[in-house]
Amino acid sequence: MSAPDYGRAFAAWRRACGADWDAYARHPFVEGMRDGTLPREAFHHYLVQDYVFLVHFARAWALAVVKSETMEEMRTAAATVDALVNMEMSLHVQTCAGLGISEDRLFAAPESPANLAYTRYVMDAGIAGDLCDLLAALAPCVLGYGEIGARLGAEAGDTPYADWIAAYAGDDYQAVCRDVGAMIDAALARRLGTPFTAAPRWDRVTERFRMATRLEAGFWQMGLDLA
Ligand SMILES: Cc1ncc(C[n+]2csc(CCO)c2C)c(N)n1
(Lines give C-alpha, C1' and ligand atoms only; values in the text may rest on other atoms or scores of the structure.)
Protein backbone atom coordinates (compact mmCIF):
# COMPACT_ATOMS: atom_id res chain seq x y z
CA MET A 1 0.00 0.00 0.00
CA SER A 2 1.12 3.58 -0.58
CA ALA A 3 2.22 5.89 2.24
CA PRO A 4 -0.50 7.81 4.08
CA ASP A 5 -0.69 11.58 3.51
CA TYR A 6 0.81 13.29 6.57
CA GLY A 7 1.98 16.37 4.67
CA ARG A 8 4.75 17.52 2.33
CA ALA A 9 7.75 17.35 4.65
CA PHE A 10 6.99 13.77 5.67
CA ALA A 11 6.54 12.70 2.04
CA ALA A 12 9.88 14.26 1.06
CA TRP A 13 11.79 12.92 4.08
CA ARG A 14 10.34 9.45 3.61
CA ARG A 15 11.37 9.40 -0.05
CA ALA A 16 14.87 10.73 0.73
CA CYS A 17 15.40 8.01 3.36
CA GLY A 18 14.00 5.13 1.24
CA ALA A 19 16.00 2.09 2.40
CA ASP A 20 16.39 3.37 5.99
CA TRP A 21 12.67 4.05 6.13
CA ASP A 22 11.74 0.57 4.95
CA ALA A 23 14.19 -1.00 7.43
CA TYR A 24 12.14 0.73 10.17
CA ALA A 25 8.57 0.54 8.85
CA ARG A 26 8.96 -3.07 7.66
CA HIS A 27 11.29 -4.29 10.40
CA PRO A 28 10.96 -8.03 11.26
CA PHE A 29 9.48 -6.97 14.65
CA VAL A 30 6.66 -5.19 12.77
CA GLU A 31 6.11 -8.10 10.40
CA GLY A 32 6.04 -10.41 13.43
CA MET A 33 3.18 -8.35 14.90
CA ARG A 34 1.40 -8.49 11.54
CA ASP A 35 1.53 -12.27 11.15
CA GLY A 36 1.49 -13.09 14.87
CA THR A 37 4.93 -14.77 14.94
CA LEU A 38 6.57 -12.13 17.17
CA PRO A 39 7.61 -13.90 20.40
CA ARG A 40 5.72 -12.72 23.50
CA GLU A 41 8.94 -12.04 25.44
CA ALA A 42 10.11 -9.70 22.67
CA PHE A 43 6.84 -7.73 22.84
CA HIS A 44 7.00 -7.55 26.64
CA HIS A 45 10.61 -6.40 26.58
CA TYR A 46 9.64 -3.75 24.04
CA LEU A 47 6.71 -2.57 26.21
CA VAL A 48 8.85 -2.19 29.33
CA GLN A 49 11.46 -0.18 27.42
CA ASP A 50 8.72 1.82 25.73
CA TYR A 51 7.57 3.10 29.11
CA VAL A 52 11.02 4.63 29.66
CA PHE A 53 10.94 5.89 26.07
CA LEU A 54 7.64 7.72 26.65
CA VAL A 55 9.08 9.56 29.66
CA HIS A 56 11.89 10.98 27.55
CA PHE A 57 9.63 11.54 24.57
CA ALA A 58 7.38 13.72 26.75
CA ARG A 59 10.47 15.70 27.81
CA ALA A 60 11.36 16.23 24.13
CA TRP A 61 7.86 17.53 23.33
CA ALA A 62 8.20 19.85 26.34
CA LEU A 63 11.34 21.20 24.66
CA ALA A 64 9.15 21.82 21.58
CA VAL A 65 7.08 24.17 23.78
CA VAL A 66 10.29 26.02 24.64
CA LYS A 67 11.31 26.22 20.96
CA SER A 68 7.88 27.37 19.70
CA GLU A 69 7.59 30.77 18.06
CA THR A 70 3.81 30.97 17.59
CA MET A 71 0.87 30.28 19.89
CA GLU A 72 -0.32 27.58 17.51
CA GLU A 73 3.01 25.73 17.70
CA MET A 74 2.96 26.11 21.47
CA ARG A 75 -0.61 24.78 21.73
CA THR A 76 0.16 21.67 19.62
CA ALA A 77 3.36 20.93 21.55
CA ALA A 78 1.73 21.53 24.95
CA ALA A 79 -1.27 19.35 24.02
CA THR A 80 1.12 16.55 23.03
CA VAL A 81 2.95 16.77 26.37
CA ASP A 82 -0.43 16.64 28.16
CA ALA A 83 -1.61 13.63 26.09
CA LEU A 84 1.65 11.76 26.71
CA VAL A 85 1.91 12.42 30.45
CA ASN A 86 -1.75 12.24 31.43
CA MET A 87 -3.10 9.63 28.98
CA GLU A 88 -0.56 7.56 27.03
CA MET A 89 1.60 6.75 30.03
CA SER A 90 -1.27 5.60 32.24
CA LEU A 91 -2.72 3.63 29.31
CA HIS A 92 0.67 2.04 28.93
CA VAL A 93 0.74 1.06 32.62
CA GLN A 94 -2.75 -0.46 32.22
CA THR A 95 -1.78 -2.40 29.07
CA CYS A 96 1.27 -3.78 30.83
CA ALA A 97 -0.78 -4.70 33.93
CA GLY A 98 -3.15 -6.66 31.68
CA LEU A 99 -0.15 -8.64 30.43
CA GLY A 100 1.14 -9.33 33.93
CA ILE A 101 3.88 -6.68 33.84
CA SER A 102 3.66 -4.76 37.12
CA GLU A 103 4.15 -1.03 37.53
CA ASP A 104 7.08 -1.81 39.85
CA ARG A 105 8.79 -3.65 37.01
CA LEU A 106 8.23 -0.69 34.68
CA PHE A 107 9.68 1.77 37.17
CA ALA A 108 12.64 -0.48 37.96
CA ALA A 109 13.53 -1.21 34.32
CA PRO A 110 17.13 -0.30 33.48
CA GLU A 111 17.21 1.72 30.28
CA SER A 112 18.66 -0.15 27.32
CA PRO A 113 21.47 1.56 25.35
CA ALA A 114 19.38 1.61 22.14
CA ASN A 115 16.62 3.39 24.02
CA LEU A 116 18.99 5.89 25.59
CA ALA A 117 20.71 6.60 22.26
CA TYR A 118 17.43 7.34 20.54
CA THR A 119 15.74 9.57 23.10
CA ARG A 120 18.87 11.59 23.90
CA TYR A 121 19.55 12.04 20.18
CA VAL A 122 16.10 13.59 19.78
CA MET A 123 16.62 15.82 22.80
CA ASP A 124 20.01 16.99 21.54
CA ALA A 125 18.62 17.72 18.07
CA GLY A 126 16.25 20.15 19.80
CA ILE A 127 18.79 21.65 22.18
CA ALA A 128 21.39 22.25 19.46
CA GLY A 129 18.92 23.39 16.80
CA ASP A 130 15.53 25.00 16.40
CA LEU A 131 12.00 23.57 16.17
CA CYS A 132 12.68 22.26 12.63
CA ASP A 133 15.58 20.10 13.83
CA LEU A 134 13.55 18.87 16.79
CA LEU A 135 10.43 18.06 14.75
CA ALA A 136 12.53 16.25 12.12
CA ALA A 137 13.89 14.02 14.90
CA LEU A 138 10.41 13.51 16.44
CA ALA A 139 8.65 12.78 13.14
CA PRO A 140 9.72 9.15 12.51
CA CYS A 141 8.23 8.15 15.87
CA VAL A 142 4.88 9.90 15.55
CA LEU A 143 4.29 9.45 11.81
CA GLY A 144 6.06 6.10 11.44
CA TYR A 145 3.68 4.48 13.92
CA GLY A 146 0.81 6.01 11.96
CA GLU A 147 2.05 4.47 8.72
CA ILE A 148 2.82 1.11 10.33
CA GLY A 149 -0.57 1.06 12.06
CA ALA A 150 -2.44 1.93 8.87
CA ARG A 151 -0.66 -0.77 6.85
CA LEU A 152 -1.00 -3.46 9.50
CA GLY A 153 -4.64 -2.49 10.03
CA ALA A 154 -5.22 -3.25 6.35
CA GLU A 155 -2.95 -6.31 6.03
CA ALA A 156 -2.89 -8.14 9.36
CA GLY A 157 -4.71 -11.40 9.80
CA ASP A 158 -5.36 -13.14 13.09
CA THR A 159 -2.64 -11.92 15.46
CA PRO A 160 -2.27 -11.56 19.24
CA TYR A 161 -1.11 -8.00 18.55
CA ALA A 162 -4.46 -6.84 17.12
CA ASP A 163 -5.03 -4.34 19.98
CA TRP A 164 -1.69 -2.64 19.37
CA ILE A 165 -2.46 -2.45 15.64
CA ALA A 166 -5.99 -1.11 16.21
CA ALA A 167 -4.71 1.69 18.46
CA TYR A 168 -2.43 3.09 15.75
CA ALA A 169 -4.66 2.24 12.76
CA GLY A 170 -7.67 3.96 14.38
CA ASP A 171 -9.16 7.26 13.23
CA ASP A 172 -8.07 9.10 16.38
CA TYR A 173 -4.40 8.32 15.94
CA GLN A 174 -4.53 8.88 12.16
CA ALA A 175 -5.98 12.37 12.84
CA VAL A 176 -3.11 13.09 15.28
CA CYS A 177 -0.65 12.20 12.48
CA ARG A 178 -2.31 14.54 10.01
CA ASP A 179 -2.27 17.36 12.62
CA VAL A 180 1.38 16.82 13.50
CA GLY A 181 2.24 16.60 9.77
CA ALA A 182 0.52 19.97 9.20
CA MET A 183 2.35 21.48 12.18
CA ILE A 184 5.68 20.29 10.76
CA ASP A 185 4.92 21.77 7.32
CA ALA A 186 3.97 25.12 8.87
CA ALA A 187 7.02 25.19 11.16
CA LEU A 188 9.36 24.47 8.23
CA ALA A 189 7.69 27.04 5.95
CA ARG A 190 8.02 29.68 8.68
CA ARG A 191 11.74 29.08 9.30
CA LEU A 192 13.05 27.71 5.96
CA GLY A 193 10.72 29.48 3.49
CA THR A 194 8.88 27.77 0.64
CA PRO A 195 9.47 25.46 -0.98
CA PHE A 196 11.36 24.27 2.10
CA THR A 197 12.89 21.39 0.13
CA ALA A 198 14.97 24.01 -1.75
CA ALA A 199 16.27 25.71 1.42
CA PRO A 200 20.00 25.48 2.31
CA ARG A 201 19.09 23.82 5.63
CA TRP A 202 16.85 21.15 4.08
CA ASP A 203 19.53 18.46 3.81
CA ARG A 204 20.54 18.95 7.44
CA VAL A 205 17.01 18.55 8.79
CA THR A 206 16.56 15.54 6.51
CA GLU A 207 19.62 13.97 8.17
CA ARG A 208 17.90 14.45 11.55
CA PHE A 209 14.91 12.54 10.21
CA ARG A 210 17.17 9.80 8.80
CA MET A 211 19.13 9.26 12.02
CA ALA A 212 15.94 9.12 14.11
CA THR A 213 14.55 6.59 11.59
CA ARG A 214 17.65 4.41 12.00
CA LEU A 215 17.33 4.67 15.79
CA GLU A 216 13.66 3.57 15.55
CA ALA A 217 14.80 0.46 13.64
CA GLY A 218 17.34 -0.06 16.43
CA PHE A 219 14.51 0.11 18.97
CA TRP A 220 12.61 -2.72 17.23
CA GLN A 221 15.85 -4.72 17.05
CA MET A 222 16.38 -4.20 20.79
CA GLY A 223 12.95 -5.76 21.32
CA LEU A 224 13.82 -8.78 19.19
CA ASP A 225 17.24 -9.23 20.79
CA LEU A 226 15.91 -8.73 24.35
CA ALA A 227 18.89 -6.37 24.62
C1 LIG B 1 9.95 3.53 20.27
C2 LIG B 1 8.64 4.15 20.01
N3 LIG B 1 8.49 4.87 18.90
C4 LIG B 1 7.31 5.44 18.65
C5 LIG B 1 6.26 5.28 19.49
C6 LIG B 1 4.95 5.88 19.18
N7 LIG B 1 4.58 6.99 19.98
C8 LIG B 1 5.27 7.45 21.01
S9 LIG B 1 4.52 8.80 21.71
C10 LIG B 1 3.29 8.76 20.62
C11 LIG B 1 2.16 9.75 20.68
C12 LIG B 1 2.36 10.94 19.82
O13 LIG B 1 3.42 11.74 20.14
C14 LIG B 1 3.47 7.72 19.74
C15 LIG B 1 2.57 7.37 18.66
C16 LIG B 1 6.45 4.51 20.64
N17 LIG B 1 5.45 4.33 21.53
N18 LIG B 1 7.65 3.94 20.88
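From the N terminus on, the elements of the chain run α-α-α-α-α-α-α-α-α-α-α. The model, which is predicted, thus holds eleven helices and zero strands.

Along its principal axes the C-alpha trace spans about 50 × 35 × 30 Å. A compact globule of 227 residues would have a radius of gyration near 17 Å, and the chain, with 17 Å, agrees with that. Buried residues account for 38% of the 227 residues. Of the contacts between residues at least 6 apart in sequence, 78% join residues at least 24 apart.

In the UniProt record, an unreviewed entry, the annotation "domain: Thiaminase-2/PQQC" covers residues 21-225. Over residues 21-225 the chain is 82% helix and 0% strand. The end C-alpha atoms of that stretch are 20 Å apart.

**The ligand shell and α4**

Which residues are around the ligand? They are D50, F53, L54, F57, T80, L84, E88, C141, V142, Y145, E216 and F219. The elements that give two or more residues to this shell are α4, α5, α8 and α11; their residue ranges are tabulated here.

| Helix giving two or more residues to the shell | Residue range |
|---|---|
| α4 | residues 40-66 |
| α5 | residues 71-98 |
| α8 | residues 131-155 |
| α11 | residues 202-225 |

The largest share of the shell, four residues, comes from α4. By class, the shell residues divide into eight nonpolar, one polar and three charged.

Helix α4 has 27 residues and reaches 39 Å from its first C-alpha to its last, close to the 39 Å expected at 1.5 Å a residue. Its buried residues are H45, Y46, V48, Q49, D50, F53, F57, A60, W61 and A64. An α-helix has 3.6 residues a turn, so residues three or four places apart point the same way. What covers the buried residues of α4 includes α5, α6, α7, α8 and α11. D50, F53 and F57 are buried in α4 and are also among the residues around the ligand.

**G153 in α8**

G153 is placed in helix α8. The C-alpha atoms of G153 and A186, which are 33 residues apart along the chain, are separated by 29 Å.

**Two backbone features**

Most residues other than glycine have a negative phi, and most peptide bonds are trans. Two places in this chain can be set beside that rule.

Where is P195? P195 lies in the loop between α10 (171-192) and α11. A cis peptide bond joins T194 and P195, with omega about -5 degrees.

L226 is not a glycine, yet has a positive phi of about 55 degrees. L226 is found in the segment after α11. With 12 C-beta neighbours inside 10 Å, L226 counts as exposed, since the cut-off for that class is 12 or fewer.

Notes:
Residues numbered from 1 in each chain as written. Predicted model: local features only at pLDDT ≥ 70, side-chain atom pairs only at ≥ 80, totals over all residues. Near = placed C-beta within 6 Å. Nonpolar A, V, L, I, M, F, W, Y, C, P; charged D, E, K, R; others polar. Buried ≥ 20, exposed ≤ 12 C-beta atoms within 10 Å, placed from the backbone. Rg over C-alpha atoms; globule rule 2.2 N^0.38 Å. Contact = placed C-beta atoms within 7 Å. Expected span 1.5 Å × (residues − 1). UniProt positions renumbered as here; feature names shortened; annotations may be inferred.
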